[in-house]
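Dear colleague,

Please find below the structure that I am handing over to you, with its sequence. My notes on what was found in it follow directly after.

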Amino acid sequence: MESLGLTEDLAKIAVISPTDIPKVAFTLRKGDEPIGHTFHQLITPGMITFHRPDFQAVLLLHLSSTSCRTHTAKRLKTYLYGQGSASKSESSLLPIHLHFQDGTTATCDLLIGADGVRSAVRATMLRDLATKAQSEGHTQEAQEALAGVDPVWSGLSMYRTIFPSQTLSQQLPGHRVLHDPMIYVGRNTQITAYPISRGTGINFAATRSHWEQENTLFEGPWVQDVSRDELLHAFDRWEPEVVALFQSIEGLNRWAMHTVRPLRSYVSERVALIGDSAHAMLPYQGVGAGQAIEDAFLLATLLGHSVTTPATLSRALKVYDAVRRPFSQHVLETSRENGQLFTLNYPGLTFGTPQENRDAKKLQKLQDLCNRVRKNWEWCWLTTLDADLERAVKMLENGSQ
């Protein structure tokens, strides 16, 4: 964010101004019983929370109006090299033709798909790769490519809403979520809640898990408006302070959370995938958007390098893939693991009934749980993009991939 010149404006919209001083990022509490139990405080340097629209507004404020042309309400349908099929040698010379759902078209030399979990760029790219692999007799590789075309249901659904802090304060004065980000864990259920918009609002997200249905087809709309009663039924035995959160809600949506299977590559010729189109992940590290930004920053650095020319675009993309794909897929996997931990479904760290959860063995499981959560998350404050950026630039300059 410092390199992009965003620090000052982001500090204005953060609940707490950015700092490297360690502070409590989240308090973990087991809440699926009449009397909850706080078992860990995750203390980290530099982790801050934003309301997504506020964050997007800062990005748009810094977008150059002279070097960027923005077109809204456009959704890509497919793309082709030239006007139709072309051999690999031919496609390296032809413009990429974009076909949008509204019937319009455009051309480009380089296509970067940042079109989300339902990415049309990913679908087209992987179908093309599957066709090529099949024609060369690589049936398994073709099947693997086709498996990544469509997103898959994680088996998890999330109830999401934002409500005024004042409403919660009226329900339960001094509620800890008014000033502390909280993660409440429970059997097959989990809640994350924290203040946003400089403390005037509460971001609320509650998970109901069905891990046995992971990687299946979800029937019905991905996002639905639902009643508060559905939420109360799913969390019917939770502690009073969580019930106060529920009572503060006026309206909410249920999201069927989908992910993308790990891909063999994020690039093909002059097409690249970034963000959710490449590695849509579960939200249990809160870093999906951050990973997209790191993708874009590293890719932009490579594309802006003097070594990169129209003739060497594919080399820059291969370096991007070699550096970013392993790291982002590691984050994808640890985010999934955190989801298992928060819903008490991680192998060896499952729990029985709430009445059984007070003995020393259960308390040790909670300690083991938070140790794994911290281990999964520590890359956030122990690493930066700088080392990977330097490695990528050296690979580009040396001609390696």
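To begin with the helix packing, helix 10 and helix 11 cross in a right-handed manner (a crossing is right-handed if the near helix is turned clockwise from the far one by less than a right angle, and left-handed if anticlockwise). Please note that this is a predicted model, in which local features need pLDDT of at least 70 and side-chain atom pairs count only at pLDDT 80 or more, while totals for chains, interfaces and linings use all residues. Residues are numbered from 1 along each chain as its sequence is written, and side-chain values use heavy atoms, with hydrogens and water left out.

Helix 10 (residues 288-303) packs against helix 11 at an angle of about 160°, and their axes are 10 Å apart. Axes are lines fitted to C-alpha atoms, for helices over the stretch in contact, and angles run from 0 to 180 degrees between N-to-C directions. The two helices are therefore roughly antiparallel, a term for angles over 145 degrees. Among the residues that meet are Leu298, Leu299 and Leu302 in helix 10 and Tyr320, Val323 and Phe327 in helix 11, where contact means heavy atoms within 4.5 Å. By class, this contact has 12 nonpolar, 2 polar and 3 charged residues; Ala, Val, Leu, Ile, Met, Phe, Trp, Tyr, Cys and Pro count as nonpolar, Asp, Glu, Lys and Arg as charged, and the others, Gly among them, as polar.

Helix 11 (residues 313-342) also packs with helix 12 (residues 360-377), at about 160° and with the axes 10 Å apart. That angle makes helix 11 roughly antiparallel to helix 12. Their crossing is left-handed. Helix 11 contributes Thr334, Glu337, Asn338, Leu341 and Phe342 to the contact, and helix 12 contributes Leu369, Arg372, Val373, Asn376 and Trp377. These residues divide into 5 nonpolar, 3 polar and 2 charged.

Turning to the strands, an open antiparallel sheet is formed by 3 strands in the order 3-4-5. Strands pair if DSSP finds at least two bridges between them. Strand 3 (76-81) and strand 5 (105-108) are the edges, each with a single partner strand, so one side of each has no neighbour in the sheet. Strand 4 (residues 96-100) pairs with strand 5 over 4 bridges, and isoleucine 96 stands opposite cysteine 108 in strand 5.

Overall, the protein has 14 helices and 14 strands; helices (H or I, at least four residues) and strands (E, at least two) are DSSP runs, numbered from the N terminus.

Yours sincerely

Note on methods. Parallel < 35°, antiparallel > 145°, perpendicular 65-115°, else oblique.
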